[in-house]
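The sequence and the model should be kept in view while reading.

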Amino acid sequence: MASHDGNTVFLSPQEAERIRNTVKDRLTKCSEVAGNVRETRDVKGSISQATGASLMADTGGAQRETLPALAVGQTYPPCTASLQDLQPMKLSDLKMETHHRGRKLTVKRASPVVVLSARSWTMVQDQEGGGDEIERLEVCLHKSRHGQDVLESASVIVIKEPYFTLTEEGEATLRIDHPSDLIIYRKDEISTETNDDVAAVEKLAKSCKDKGNTALTKGDLPLAHAHYTNGLKIARQDAVSSTSPDLARDLSRNRAHVNLLLNQLDEAIADSKAALIGAGDERSQELDSKAYFRAGCAAYNLGQYDDAKHFFEERLKLAPGNKEATIYLRNIEKRLREQSTGKYDLTKLRTTLSRARPRVDAANFFTNTVVKDSAGKGRGLFAARDIPAGDIVMAEKAFCTVWGFDEDALTAMTYDVRDDRIRVSPVGLTRSIVQKLLSNPSQIGKVMDLFGDYQGDNSGKDVFDGCAVVDTFRVHDIMSRNAFGPGSQFGEEGGVQNASTGLWIHAAYINHSCIANAKKEYIGDLMVLRAITPIKAGEEIFHSYDESSDYEARQEALMTTWGFECNCALCEVEKEDSPAVRKKRRDLATEADEFVEREHWSGAKRITIVKAQRLAKAIEETYDAKRYKEGVPRLATRTIQEWLAKASPRK
Ligand SMILES: C[S@@+](CC[C@H](N)C(=O)[O-])C[C@H]1O[C@@H](n2cnc3c(N)ncnc32)[C@H](O)[C@@H]1O
């Protein structure tokens, strides 16, 4: 197991080798068995194996991982076929190391679930007539949805285009990487049988609504959603919708409420609109005003302030003087102002923050900037007008953040088979982004447009057969090249394992330069980027991805985390320094760091200040003035100069 300290994870060469070998051995075994017939498992033995492992996991036994190791880079696309176009198969049809394209497997859970930090697994049997066969099913990373373990909550499981492979220990397993490949049905969910008797069908839809309401009262939101969805499928059939149109509207209105609570905002808006009656009687107006309110809240949470304004205005028309709508409309005016002017009350925003409320209520401000191609760097962000130093270049609320103290936080050692590198990855962020996209398919395109090494099949479609499909591997790669850390704002403990991370989509277009013209700060999940030099219209905006003053350390970080070699003016000059000069500078910079840590600037004695001045001079002297011209920063002097500026401000 890796140990960690501060921002570094120490992996002994043996541990790194072990991780590499485990992954490589698995790949070799997989290729050896590819296409082989599956070996039958002993039913009783398999169930008792899973039961034992589940007990061990529950009691925090041997299987609990603190920093799990995951292999990445073995990509394959998610299933995009509709369920009815897939041909059924049985466990006995499975072939080793095979993606069963065009097939679907319907199974039921046959054992307790073994819940581990990065995955869950259980034993499954064919749903129909499958008493003799049993197989292992593993869900990697995306093992929970809406706070429930998907395998634990499932009774019947449909696996689209099942992938049958080996675990790292060499055991055969069905493996789910893309959550959209897994469809689960819970025991208490009723099926939508077809029936020609309209009255009977209507009764069925009503019972779905009642069951949904009961589940909602009990706080089981996913079950309430499933019941309303079943009810809607029936109530939207022509025979029912022509005789009882209000049934579908009621179901939609109720589902809109559940969707809002589940943060499924796209569907909350669609449901609210579908619930509108548009009649003039008092009851209809009351119901419509409710629907408009739900649509307004969902649009507001999506940052669609113009739409939200429309929905709340409609609510006010139907319910004049409504307090909630009035407050929302007042807030929308503020958001629209922030969006167009970039003027924020940052002091006030800061006062609203706490661990319990780490996100701010603020709009994005993008109008100063535009995304364009940047020679040799893919795309970049450019100034759309002159921006004076100190002004806000852009401000953006995170698309997704995972705070170090969140339950969703999960850090793993990832070994990427493509570049043979082991990294520490905030895989909890990938998981949260995927969940958010599945819940809000309208956002998929924006995230998938970001830069990532793996491009997937790029079909351009995100919703297939009414279901959102998200390629987990693409999201992982996008997260790796675009995520930033909002710092430890809420007293999070130090260390990479507890680091907070997030994705800011517009800011993700900003390229790196060691001589940056903009600097970011965070207020909760709001990233505020300010110009640190005047930026002319048309100029590219840069911030620094890594601020190490040491050339080698910076290049290594930029290559490992971001996959490029920086050739900004500073790197070009630093590259020419001799190894001896670089070493001397590095040693002096370390001395400066230690000095600053040891000596507080306030009340510093004259002799201490003189020491600092000498240290600053010694670092300065490692820079050749002929080559380090005006405008090329001497990064190693920064720490000590900042100390000196505070300790002797008159100097
Ligand atoms: C956060 S994204 C920036 C936007 C990206 N250029 C795009 O086309 O979407 C980070 C990626 O941009 C590229 N990049 C950023 N700064 C660069 C630089 N100074 N030189 C070369 N590539 C750079 C690298 O591929 C890096 O992994």
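Predicted model: local features only at pLDDT ≥ 70, side-chain atom pairs only at ≥ 80, totals over all residues.

Helices (H or I, at least four residues) and strands (E, at least two) are DSSP runs, numbered from the N terminus.

Strand β7 comprises residues 114–115 and pairs with β8 in the antiparallel sense over two bridges; two strands pair if DSSP finds at least two bridges between them. Within this pairing, Val 114 has Trp 121 of β8 as its bridge partner. Strand β6 (residues 103–109) also runs antiparallel to β8, joined by three bridges, and here Lys 108 is partnered by Gln 125 of β8. A further antiparallel arrangement links β8 to β9 through six bridges, with Trp 121 opposite Glu 138 of β9. Strand β8 itself, residues 119–126, is mostly covered, eight of its eight residues being buried. A residue is buried if 20 or more other C-beta atoms lie within 10 Å of its own, exposed if 12 or fewer, and partly exposed in between, with C-beta atoms placed from the backbone.

The phi of Leu 141 is near 60°, a positive value in a residue other than glycine. Leu 141 is buried because 23 other C-beta atoms lie within 10 Å. The loop between β10 and β11 (148–149) holds His 146, whose phi, near 50°, is likewise positive in a residue other than glycine. His 146 has 16 other C-beta atoms within 10 Å and is therefore partly exposed.

Attention now turns to a pair of helices. Helix α8 (residues 265–275) packs with helix α9 (residues 282–301) at an angle of about 155°, their axes lying 8 Å apart. Axes are lines fitted to C-alpha atoms, for helices over the stretch in contact, and angles run from 0 to 180 degrees between N-to-C directions. The angle therefore makes α8 roughly antiparallel to α9, a term for angles over 145 degrees, while those under 35 count as roughly parallel, 65 to 115 as roughly perpendicular and the rest as oblique.

Methods. Residues numbered from 1 in each chain as written.
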